[in-house]
Amino acid sequence: MQLYVIRKIKEVKISIGTFKYIITFAIVLFLFFVQKIISYYLFNNNKIENIRSSNYYVTSPEIPKELTFAGERVPLENFDVYESLDREIIVNSFFHSQTILSLKRAYRFFPVVEPILKKYQIPDDFKYLLVIESNFTNSISPAGATGYWQFMKGTAQKYGLEMTEEVDERYHLVKSTEAACQYLKDLYSYYKSWTLAAAAYNAGTGKIDRVISLQKTQNYYDLHLNEETARYVFRILAAKIIMSDPKKYGFYIPNKTKYFPVPTEIIKVDTSISDLTKFALDLGINYKLLKIFNPWLRKYQLTNKEQKVYFI
């Protein structure tokens with residue numbers, strides 16, 4: 001009987017030992033699999049992050065090997081010319097909001113501007129001057145340059161733009177474009193260079209003449225100019241390069257998001273209009289729409305004592 005009890009106790013001890021062994025083995029096995037799972041997750045997560053990182057990079061935009069402005073060759077072999085152009089292409093390539101708006105607006109404004117440039121025999125590249133001057137908006141500079149083409153008062157008056165309290169044709173797209181063409185044509189006749197004509201459009205003939213006299217050269221790319229004028233032609237060139245091939249520089253504008261021309265009706269007016277709000281409402285629109293398409297109307301009335309002809 002005693003031997004039997006001892007044998008049973010030993011069997012229970014063996015069973016408990018075996019159970020403990022199995023439990024320990026199971027825990028070790030569980031921890032092993034947990035470690036493997038954690039390692040697998042971390043490895044693949046890092047792999048994903050590495051892939052994401054490798055697909056996001058910023059690089060310098062491509063510079064054309066050959067380039068002209070208004071038919072005049074740009075000497076890109078000169079390091080200073082190359083780097084000046086590089087700067088403006090980088091600035092415009094990564095100034096996404098401004099460049100996207102330029103690309104969208106171009107579909108509305110270029111169809112108006114291009115035929116006028118052609119009519120006055122101004123190179124098509126000058127449409128990009130409109131981009132860098134105002135980005136197709138009727139802005140006013142700190143110096144007082146106003147409208148799409150940024151005319152100062154004196155120059156605007158010289159080229160026949162009307163400026164009164166009620167009418168300012170610097171805000172008139174067609175008339176200001178015609179005035180800009182006449183001005184550019186005169187500048188070209190004076191300098192015999194479209195590049196210098198562009199520089200003088202920015203700085204004025206007085207400043208350009210003084211720099212030419214002091215530095216003994218009439219080559220824009222060889223002149224040491226103030227920063228704004230030194231950058232001016234390169235900014236035009238950057239706009240031309242990017243807007244001529246936007247996808248190449250990372251810009252894709254879906255057709256449905258472009259700002260196309262809005263159909264309008266033109267009304268001839270040769271009398272006074274005492275209330276432009278009423279005038280607009282009588283035509284089935286509102287004052288806001290009237291102003292969007294006629295920003296050159298500066299007040300709520302058009303006092304036309306001389307009975308001039310306006311097209312609204």
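User: Leaving aside its neighbours within four places in sequence, what is L187 in contact with?
Analyst: With contact meaning heavy atoms within 4.5 Å, L187 touches K192, A197, A200, Y201 and T205. This is a predicted model, in which local features need pLDDT of at least 70, side-chain atom pairs count only at pLDDT 80 or more, and totals for chains, interfaces and linings use all residues. Residues are numbered from 1 along each chain as its sequence is written, and side-chain values use heavy atoms, with hydrogens and water left out.
User: Is L187 buried or exposed?
Analyst: L187 counts as buried because its relative accessibility is 4%, where buried means under 20% relative accessible area, exposed over 50% and partly exposed in between, with a 1.4 Å probe and protein chains only.
User: Switching to α7 and α9, at what angle do they cross?
Analyst: Their axes come within 9 Å and cross at roughly 125°, the axes being lines fitted to C-alpha atoms, for helices over the stretch in contact, with angles from 0 to 180 degrees between N-to-C directions. The two helices are therefore oblique to each other, since angles under 35 degrees count as roughly parallel, over 145 as roughly antiparallel, 65 to 115 as roughly perpendicular and the rest as oblique.
User: And which residues meet there?
Analyst: From α7 these are T195, A198, A199, Y201, N202 and A203, which meet E228, T229, Y232, V233 and I236 in α9.
User: Where is the kink in α9 centred?
Analyst: The kink, of about 30°, is centred on V233, and V233 is also one of the buried residues of α9.

Technical notes
The bend at a residue is the angle between axes fitted to the seven residues ending there and the seven starting there. Helices (H or I, at least four residues) and strands (E, at least two) are DSSP runs, numbered from the N terminus.
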